[in-house]
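Me: I am new to this structure and would like to learn how to read its strands and helices. Could you take me through them step by step?

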Amino acid sequence: MTSTFPNISISTERLVLRPLDEDDIPALTEMMNDEQVGSWTDVPQPYSEAQARRWITEYAPTERTSGRGLDLAVTEFLTQRLVGIVQLTKTNWHIRSTELSYIIAPWARGEGYASEAALATAQWLFGDQKLERIELRTAADNTASQQVAQKIGCISEGVLRGACIAHVHADDGTWSDVRTDFIVWSLLPEDLEGTAEQLADADGFTSLADWN
């Protein structure tokens, strides 16, 4: 029988990761229309509120109940403002693995939110869900995403040559595809030893393994 992820909320010192809901539609739409999101993801550009609604009400619930993945809104604990998204895809319950990705809103970048959210998710996956491997893939030129992977303890396993399509935004508003490489990263339970303490020292937060 296929396993599924539960409806959960994960809390850190600064963040709450929770299921997406329809109140997130305006902020999610604004975040997805950011140029960096368009460059490094396959999110359609421009991105509409109707597309955000379909993600929240159709795609995300189907992914969770099918056991394939999980989509979590990342929000500030104090303001409840949408900081970003953590997404789990391609989950294999037989080998206990999943692929993790993250998107952070432009206004929230540079605060360590991506690494805090990713680390909290990894702790929950290894601790509560008993997964044994988390995989990340970052475009070769997406140094910000690579820094997040390194911060949470991921190990670079190699390069998938020409496996990624990035996007370039021209002055006339059009987008064009550019083929580049994927860097493959992995995270195993033993890789997390000491990671939370190092991130607390570097970014000034404490990762908490609280979920319900």
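This is a predicted model: local features need pLDDT of at least 70, side-chain atom pairs count only at pLDDT 80 or more; totals for chains, interfaces and linings use all residues.

Me: How many bridges join strand β1 to β2?

Reply: Strand β1 (residues 10-11) is joined to β2 by 2 bridges, and this pair also runs antiparallel, with S11 standing opposite V16 in β2. Between β1 and β2 lie 3 residues, and the two strands form a hairpin.

Me: Why is strand β2 described as largely enclosed by the rest of the structure?

Reply: A residue counts as buried when its relative accessible area is under 20%. In strand β2 (residues 15-19), 4 of the 5 residues are buried, so the strand is largely enclosed by the rest of the structure.

Me: Turning to the helices, at what angle do α1 and α3 pack?

Reply: Angles of 65 to 115 degrees count as roughly perpendicular. Helix α1 (residues 25-32) packs against helix α3 (residues 49-66) at an angle of about 115°, their axes being 9 Å apart, which makes α1 roughly perpendicular to α3. The crossing of α1 past α3 is right-handed.

Me: Which residues make the contact between α1 and α3?

Reply: From α1 the contact involves I25, P26, L28, T29 and M32, while α3 contributes E49, A52, R53, W55 and I56.

Methods
Residues are numbered from 1 along each chain as its sequence is written. Side-chain values use heavy atoms; hydrogens and water are left out. Buried means under 20% relative accessible area, exposed over 50%, partly exposed in between (1.4 Å probe, protein chains only). Two strands pair if DSSP finds at least two bridges between them. Axes are lines fitted to C-alpha atoms, for helices over the stretch in contact, and angles run from 0 to 180 degrees between N-to-C directions. Angles under 35 degrees count as roughly parallel, over 145 as roughly antiparallel, 65 to 115 as roughly perpendicular and the rest as oblique. A crossing is left-handed if the near helix is turned anticlockwise from the far one by less than a right angle, and right-handed if clockwise. Contact means heavy atoms within 4.5 Å.
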